[in-house]
Amino acid sequence: MLNVLLVCGSGASSGFMAANIRKAAKKRNLNMDIKARGEAEIENYIQDIDALLVGPHLAYVIDEIKELTKDTDVKVLLMKSSYYSTLDGEAALDHLLSELNS
């Protein structure tokens, strides 16, 4: 099981994205748990996740987020505006999987 946390400012837009990624993962028969939360909640989940997807509008704090995860195996990934703005779960999942396999 791959545990993924999506974060945005408040958790609202990432909630829609998480739902679309869950649908895409289910279609591909991938065993994933995908949660969406606000940026302020990252520390509460860091020990329980494998990947952290960060909304593109939070690019300005990506270094701080990476600092939070530096002593973990969590893969931090800044989501691309191209799929985040359209809530394209398939493209987001493709991006995540390609980064995890690199």
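Colleague: How many bridges join strand β1 to β2?

Modeller: This is a predicted model, in which local features need pLDDT of at least 70, side-chain atom pairs count only at pLDDT 80 or more, and totals for chains, interfaces and linings use all residues. Residues are numbered from 1 along each chain as its sequence is written, and side-chain values use heavy atoms, with hydrogens and water left out. Strand β1 covers residues 2-8 and runs parallel to β2; two strands pair if DSSP finds at least two bridges between them. The number of bridges joining β1 to β2 is seven.

Colleague: Which residue of β2 is the bridge partner of V4?

Modeller: Strand β2 spans residues 32-38. Within β2, V4 has as its bridge partner I34.

Colleague: Is S14 buried or exposed?

Modeller: S14 lies in helix α1, residues 12-27. Leaving aside neighbours within four places in sequence, S14 is in contact (heavy atoms within 4.5 Å) with L6, V7, C8, A36, R37 and Y84. The relative accessible area of S14 is 0%, so S14 is buried.

Colleague: How does A59 count at its relative accessibility?

Modeller: A59 is placed in the loop between β3 (51-54) and α3 (62-68). A59 and K35 are 24 residues apart in sequence and 20 Å apart in space, C-alpha to C-alpha. Because the relative accessibility of A59 is 35%, A59 counts as partly exposed.

Colleague: In what order do the elements of the chain run from the N terminus?

Modeller: The chain has five helices and four strands. Helices (H or I, at least four residues) and strands (E, at least two) are DSSP runs, numbered from the N terminus. Their order is β-α-β-α-β-α-β-α-α.

Colleague: What percentage of the contacts with a separation of 6 or more is accounted for by residues 24 or more positions apart?

Modeller: The chain has 102 residues, and buried residues make up 42% of them. Among contacts in the chain with a separation of 6 or more, the share from residues 24 or more positions apart is 70%.

Definitions and conventions:
Buried means under 20% relative accessible area, exposed over 50%, partly exposed in between (1.4 Å probe, protein chains only).
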